[in-house]
Amino acid sequence: MERHFHEEFKGLREKLFQMGLLVEGAVEKSVQAFLSRKMELIEEVLEDEKLINQLEIEIDEKGHTLFALTQPVAIDLRLLTMILKINTDLERMGDHAVNIAEKSKYLISQSPLAPEFPIEPMAKAVQKMVRDTLDSFMNENVSLARKVLESDDMIDSYNDKIYMDVASLMEKDPQTVRRALSVLMIGRNLERIADLANNIAEDTIYLIQGKEVRHHFEGT
Amino acid sequence: MDQALSLNLPKLTSRRILWNEIVSDVLVRFFALIPLSALAFIMYMIVRKGAGTITWHFLTQMPLNGMTEGGIFPCIFGTLAITLMMILMALPLGVAAAIYLTEFSGHGMFFRVIRAAVNNLAGVPSIVFGLFGVGFFILFVGRNLDHVLKTGMLFGQPCMLWAAATLAVLVLPVIIVSTEEALNAVPQSQRSASLALGATKWQTIWNVVLPQARGGILTGAILSISRGAGETAPILFTGCAYFLPRLPVVHLFGVIPIVNPFDQFMELSYHIFIMATQSLDAVKTLPIQYGTTLVLISLTFLLNLTAIVFRIHFRKKMGTVSI
Amino acid sequence: MLIAEENQGTREKIKMGTRTLAGGVLVDREDVTLNPVKIFSQELDMFYGSVQALHGITMEIKERAVTALIGPSGCGKSTFLRTLNRMNDTIPGARIKGSVKIDGIDIYEPGVNVAVLRRMVGMVFQKQNPFPKSIFDNVAYGPRLHGITDKAVLENIVEESLKKSAIWEEVKDRLDTSAMQLSGGQQQRLCIARVLAVDPEIILMDEPASALDPLSTAKIEELIRQLRKNYTIVIVTHNMQQAARVSDYTAYFYMGSMVEFGETRKIFTNPVKKETEDYITGRFG
């Protein structure tokens with residue numbers, strides 16, 4: 001039977017998705033700011049982050065109210081806990097986007113570095129993960145969530161590559177250390193975003209199947 | 001552990017306890033058998049000696065030959081007529097009193113006084129009712145009515161009206177108590193439901209309480225009829241006749257026959273009494289006595305049976321009321 | 001599929017820099033704080049003989065909202081409920097001080113017709129109490145009392161009331177059978193239909209689901225949320241979760257006094273009084 005408060009659950013879930021879209025946009029904009037050296041995008045990211053923080057608080061409060069008023073069990077309980085967890089994860093993603101934007105801001109103000117780092121393909125992969133993870137949550141798509149989990153290794157290898165590239169650049173030319181470190185930080189932040197997307201994907205699988213897949217729990 | 005248990009075992013099955021059980025069991029059964037065998041003996045005697053007398057002729061004819069022959073039709077007629085008249089008087093009064101006691105009086109002093117009065121009324125010997133009937137209904141009410149209405153000697157004489165009224169007073173406690181029980185058995189929640197829908201107290205009583213108490217009230221009415229039909233003493237001086245050559249019937253407008261409440265009447269239980277004690281030939285009329293007794297007992301049995309059937313029927317119906 | 005497509009739209013919008021948060025709004029329990037006051041009890045004291053059962057209850061109950069009364073047994077919540085349709089009048093020795101106003105009219109004024117009041121303020125009891133009559137006659141009981149005899153009109157009222165109480169589909173083919181044959185939950189919804197049939201404005205519910213199984217309870221709760229759109233509902237419940245789920249306002253009673261009264265979401269997330277907190281968290285006593 002559909003209960004009257006399920007409507008509120010649905011609303012909360014949609015609100016969370018809205019927040020996800022904002023985060024997704026912020027990540028994309030921050031990466032674009034770095035790639036195409038556009039200062040105005042950085043401003044937008046900072047604007048977005050404010051909204052994201054605001055939404056986090058709103059969703060948090062509403063979630064707690066729903067806990068208090070509906071005493072959810074089973075799927076309702078999983079949904080509500082997961083919404084609150086994903087809420088935190090998304091907010092953290094927003095913070096990482098801001099970090100990327102800030103490093104980009106510094107890099108834009110400096111002359112560009114000569115060698116190409118694999119930031120663009122990595123960012124693409126991360127954005128796809130974020131996007132897929134949100135879609136899998138919203139559409140309760142387990143297979144999509146599993147695909148997100150699989151792409152984590154790829155991100156790690158990108159990150160390693162950036163690390164190696166940055167290290168060799170710094171060894172060659174100490175003038176580049178500050179800029180190179182910024183690039184390293186961008187890669188590092190992207191990797192963190194991918195981790196958080198991973199978390200959300202795991203939570204989504206738990207939400208739908210009630211099955212624990214965190215920390216490679218599955219199969220043990 | 002085991003040893004302690006085995007030491008206790010003989011005590012548990014000691015002969016003393018077993019004997020006590022058996023003795024008390026037998027005694028209880030024996031006492032229960034006394035009324036049963038008494039009833040069985042009486043019934044056996046009456047049926048054996050009375051069954052032969054019961055014929056169509058016996059049930060439908062007037063007594064003949066100084067009541068040593070013929071039937072007992074006037075007695076059956078009189079019994080039916082007087083109990084009917086009695087219940088018509090007693091039921092509305094009794095139900096009204098019970099409604100007052102359960103629905104209106106609360107549980108104050110007045111309620112307790114009335115309850116005590118009702119209970120005491122039930123304990124008064126029936127001959128006292130008979131004398132009360134003469135003193136109150138005939139001599140006081142009747143004579144004064146005659147005096148005021150200038151009706152000569154209509155009310156102020158023994159007749160069916162006063163006999164029925166006396167019986168009505170006699171069975172009033174039966175009706176009040178059984179109606180009270182029936183009303184109290186209607187769950188309070190039913191009254192609340194009705195009141196909360198905007199019904200007045202009377203609407204509630206009429207539409208909800210009384211319909212649900214109907215079974216209990218009817219049972220009480222039937223039991224009181226069977227009680228009234230068997231009584232002799234209250235009608236002894238108030239309207240019963242030794243012998244009447246006619247039925248107590250009057251023709252309204254000269255055509256419609258109705259029971260005449262101002263006439264005297266013959267009655268089954270009284271008929272048995274006089275046949276046994278004041279008959280011209282008590283030995284010759286013995287079959288008539290047994291026959292009449294059988295008819296009377298069958299009548300009251302039938303009424304009691306109806307009451308029981310009613311009670312079961314309505315209890316079943318009430319059982320489905322979720323309280 | 002549809003959801004995904006819609007998402008795509010929102011997604012595009014956001015990428016194009018439209019940062020309005022239209023869509024995906026948080027659905028709140030409909031705000032009733034601006035609704036007018038329907039019942040106003042002021043400094044209400046209630047006595048059973050020499051025992052004081054209520055102490056100075058002052059409370060504003062909003063129209064078209066659900067107000068829950070909670071508190072331990074004997075705290076006066078049911079007594080208070082029964083002052084609102086003067087059901088306490090039937091108890092000998094009951095008397096009140098102070099006032100209860102409905103739409104501004106003091107219902108304890110001498111001129112008030114209690115029967116009319118009780119039509120306006122319907123009541124559903126703890127234990128379902130249908131009359132041992134047919135389903136139809138149960139619902140038609142009230143309207144008949146109030147003088148409606150036309151068969152077609154009665155039929156219409158019965159159907160409407162049964163529909164409003166979400167039981168029509170279950171009983172429409174057996175309106176002539178005894179109400180006693182329905183299940184407990186159905187009987188309770190029938191009792192609600194019986195109340196709706198006299199067209200009340202306020203419905204008082206005295207632990208309406210405490211004798212029912214969980215599914216029937218859920219049905220009653222959903223029904224309460226439905227009815228709230230058109231009726232002012234005051235519900236007494238021992239089940240705090242129920243109060244949280246169905247009500248807009250909650251009042252916590254203790255020892256005949258109202259300890260705290262406020263919006264349900266506030267009471268259940270952050271009550272002002274420590275006593276309330278102790279009670280709703282089960283730390284009481």
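This note goes through chain contacts, helix packing and salt bridges in a predicted model.

1. Chain arrangement. Two pairs of chains touch, and of these the pair with the most contacts is that of chains A and C. Chain A and chain B, by contrast, are not joined by any contact, and their closest C-alpha atoms lie 27 Å apart.

2. The interface of chain B and chain C. Here 19 residues of chain B and 25 residues of chain C take part in the contact. The two chains bury about 1700 Å² between them, and 63% of that area is on carbon and sulfur atoms. How many salt bridges does the rule find across the interface of chain B and chain C? The number is zero, although a search of the whole structure, over all chains, gives 35 salt bridges.

3. A salt bridge within chain A. Side chains of opposite charge can pair when their charged atoms come close. A:K161 and A:D165 form a salt bridge in which the closest N and O atoms are 2.9 Å apart. Both residues belong to helix α6 of chain A, which covers residues 152-172, and they are four residues apart, or about one turn of the helix.

4. Helices α1 and α2 of chain A. Two packed helices are described by the angle between their axes and the distance between the axes. For α1(A) (residues 4-36) and α2(A) (residues 39-70), the axes come within 9 Å and cross at roughly 160°. Because angles over 145 degrees count as roughly antiparallel, α1(A) is described as roughly antiparallel to α2(A). Their crossing is left-handed, and the residues in the contact comprise 17 nonpolar, four polar and eight charged.

5. Helices α4 and α5 of chain A. The axes of α4(A) (residues 119-139) and α5(A) (residues 142-150) come within 8 Å, with a crossing angle of roughly 155°, and α4(A) is therefore roughly antiparallel to α5(A). The crossing of this pair is left-handed. On the α4(A) side the contact involves A:K128, A:M129, A:D132, A:T133, A:D135 and A:S136, which meet A:L144, A:A145, A:K147 and A:V148 of α5(A). By class, these residues divide into four nonpolar, two polar and four charged.

6. Helices α6 and α7 of chain B. In chain B, α6(B) (residues 126-149) packs against α7(B) (residues 160-185) at an angle of about 130°, and the two axes are 9 Å apart. Are these helices roughly antiparallel or oblique to each other? At that angle they are oblique, and α6(B) passes α7(B) in a right-handed crossing. The residues contributed by α6(B) are B:S126, B:F129, B:G130, B:F132, B:G133, B:F137, B:I138, B:V141 and B:G142, while α7(B) contributes B:W162, B:A165, B:T166, B:V169 and B:L170. Nine nonpolar and five polar residues make up the contact of α6(B) with α7(B), and no charged residue takes part.

How values were computed: Residues are numbered from 1 along each chain as its sequence is written. Chains are lettered from A and ligands numbered from 1 in the order in which they are written. This is a predicted model: local features need pLDDT of at least 70, side-chain atom pairs count only at pLDDT 80 or more; totals for chains, interfaces and linings use all residues. Side-chain values use heavy atoms; hydrogens and water are left out. Axes are lines fitted to C-alpha atoms, for helices over the stretch in contact, and angles run from 0 to 180 degrees between N-to-C directions. Helices (H or I, at least four residues) and strands (E, at least two) are DSSP runs, numbered from the N terminus. Angles under 35 degrees count as roughly parallel, over 145 as roughly antiparallel, 65 to 115 as roughly perpendicular and the rest as oblique. A crossing is left-handed if the near helix is turned anticlockwise from the far one by less than a right angle, and right-handed if clockwise. Contact means heavy atoms within 4.5 Å. Ala, Val, Leu, Ile, Met, Phe, Trp, Tyr, Cys and Pro count as nonpolar, Asp, Glu, Lys and Arg as charged, and the others, Gly among them, as polar. Buried area is the accessible area (1.4 Å probe) that two parts lose on being put together, summed over both. A salt bridge is a side-chain nitrogen of Lys or Arg within 4 Å of a carboxyl oxygen of Asp or Glu.
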